[in-house]
Amino acid sequence: MDAAELHPDRLYRDLKSNLDRLNQDMGGSNDLVIRKIVARNLGRKVAFVYIDGLVDTSSVSEFAIETVLNEIKQFASEAELNEAWELEQDVKGGIEGEDPEKGKFSEDINEDEPGAAPEEDERFLRLFKEKALAVGEIYEISEWSKLYIHLMSGDTILFIDRIGIAVIASTKGGERRSVSEPESQTVIRGPREGFTESIRTNTALLRRKIKSPNLWLEEMQLGRVTQTDVGIMYIHGIVDEKNVDEVRKRLSVIDIDGILESGYIEELIENTNKTIFPTVYHSERPDVIAANLLEGRIAILVDGTPFALLLPSTFNMFFQAAEDYYNRFDVGSLIRFLRYFSFLIGLLLPSFYVAIIGFHQEMIPTSWLLKLAVQREGVPFPAFVEAFIMETVFEILREAGVRMPRSVGNTISIVGGLVLGQAAVEAGIVSPVVVIVVSLTAIASFVSPAYNIGIAARMLRFAMLIAASMFGIYGIACMLLILVLHLCSLKSLNVPYMAPYAPMIYSDMKDSMLRMPQDYMKKRPKLISRNNPVRFREGAMGNQQADRDENEPHQTQDPSEV
């Protein structure tokens, strides 16, 4: 049995064998670039391998290939040529009688250190790493599985003849989307930068926000086929280490062919998927992620998507926006209260209309009831069918507007809603009141800064309609009771989903439905950060104010001016 059968994942010592296997594994792909160089004065052959489109071509040409060629030329005129000649003689004497075309492994030379290169090969590797390659990051690798990960990530591979170790030069590049304003979470006041599809760009954006060595990053590859880079970011000393261990545990058990977006991980690491409410918060704003990291949460970044995940997440987070903290506390509190109120309108308004029209007409003033009766005189459907038809039509229009090109998507949503609503009223299919109710519900559903919490309200709206059509307001009350019990039973990373409402945590209520001033919110969320709960130190602010008072000149008034 030869060495290739004993160690199928090890690189060969022969350059031709390595290149043949690389071509075979890649299926002779046209974007696989192989640049061969013959260093006659060194007695070696080398080859650069990279994927076209994934690398920075200028870095490959200037700092890898060109520097190696220049260094090889200098060997012929410098004193290092003698050292290289002696090294070549040692190599020939060490492998005399062996055929290099057989694909021997470096571990066949040194049995005590499997996979290690012999002493002369170490000198060649050191020569290329320290003098020939002018890139920032350089690695050594001897396994095919790891080599392909680096190759597909945009690195350049340097093969050296008669050495079973490849040199990895970091040359990641290619076409990438530049940092631009996020589209899903727009603000009037605040930063205008958003995450991109590059995980390295995203980590850099976070480090610009938090310039602390305690901002730690752990990376791993998930997906058997895609080998997607996934990063875990947290602030050491603030985060609860138990939560970090739990996140590592949940990510380590993921065994799937591919991770194409953070939604894959979101669904696989949440506590339960038997709920329509999102238990993992996501955002494409670096300032939002940085603010939550400062509270002790954990961010999960996935290469290939601009959306980062936050754990643990609570129900309260989906109604908070970054702009709440950039404005005064009274303005932020008012806007946040409007979000909660709009969520209730989008959830309950159609069902209340159906319940009152069908079961509780005595709650409507007589004059208004007579007008409603006149409007509904020619409508052939009950109130439930009216509301159900209009809600379904509006959901279809909204989905069509999202999927169509942006230039016509908004126009179709607005014009389609107006035309269909007016046509339905004139045709006598629905009453004008239903159009008003559905329109208010649709507008209220867009107020929430988190899109996924709005989807949960849209789904619950139909359940509320059915309960109201069967039992009236009593059916709505029963559904609300079941809904509250369900929300209180949920957890996100073993943290109660309804905190700080259930369990009631008075210190965290200062940043819940209303936002108190910054100097009132002295502590981080109690269940999130247990190690370092203090985030606002009034003593330091008081000392600064005292220093300013001492430095200001004291003016005394002349007694004659009194």
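These legends describe several close-up views of one predicted protein model.

The model is predicted, and for that reason local features are given at pLDDT of at least 70 and side-chain atom pairs count only at pLDDT 80 or more, whereas totals for chains, interfaces and linings use all residues. Residues are numbered from 1 along each chain as its sequence is written, and side-chain values use heavy atoms, with hydrogens and water left out.

View 1. The protein has 19 helices and 12 strands, where helices (H or I, at least four residues) and strands (E, at least two) are DSSP runs numbered from the N terminus. Of its 562 residues, 44% are buried; buried means under 20% relative accessible area, exposed means over 50%, and partly exposed lies in between, with a 1.4 Å probe and protein chains only. The protein exposes about 29600 Å², of which carbon and sulfur atoms supply 57%, and these accessible areas come from the Shrake-Rupley method with a 1.4 Å probe. Among contacts between residues at least 6 apart in sequence, 69% join residues at least 24 apart, a contact being heavy atoms within 4.5 Å.

**View 2. Helix α7 and what covers its buried residues.** Helix α7 covers residues 199–209, and its buried residues are Ile199, Asn202, Thr203, Leu205 and Leu206. Seen down the axis of α7, these buried residues fall within an arc of 155°, so they line one face of the helix; the arc is that of the directions from the helix axis to the C-beta atoms. As a general rule, an α-helix has 3.6 residues a turn, so residues three or four places apart point the same way. The cover over the buried residues of α7 includes the strands β6 (215–222), β7 (228–235) and β9 (298–302), together with the helix α10 (286–294).

**View 3. The second largest pocket.** This pocket has a volume of about 1000 Å³, and of the 36 residues that line it, the closest to its centre are Met152, Ser153, Lys172, Asp229 and Asp303. On a 1 Å grid over the protein atoms alone, a pocket is an open set of points with protein on both sides within 12 Å along at least five of seven lines, a cavity is a set of points where a 1.4 Å probe fits but cannot get out, and lining residues have an atom within 4 Å of a point. Grid points are joined across faces, edges and corners, and a volume is the space filled by probe spheres set on the points. The elements α6 (144–152), α7, β6 and β7 each supply at least two residues of the pocket lining, and α6 gives the most, with six residues. By class, the lining has eight nonpolar, 15 polar and 13 charged residues, where Ala, Val, Leu, Ile, Met, Phe, Trp, Tyr, Cys and Pro count as nonpolar, Asp, Glu, Lys and Arg as charged, and the others, Gly among them, as polar.

View 4. Ser342, in helix α12, is buried with a relative accessible area of 12%, and, leaving aside neighbours within four places in sequence, Ser342 is in contact with Ala444 and Val447.

**View 5. Phe352 in helix α12.** Phe352 also lies in helix α12, where this residue is partly exposed, with a relative accessible area of 30%. Not counting residues up to four places away in sequence, Phe352 touches Ile473 and Ile476. Phe352 and Gly472 are 120 residues apart in sequence, yet their C-alpha atoms are 8.0 Å apart in space.

**View 6. Backbone details in two loops.** Arg162 has a phi near 65°, a positive value in a residue other than glycine; Arg162 is found in the loop between β4 (156–160) and β5 (166–169) and counts as buried at 13% relative accessibility. A cis peptide bond joins Leu311 and Pro312, with omega about -10°, and Pro312 lies in the loop between β10 (308–311) and α11 (323–326).
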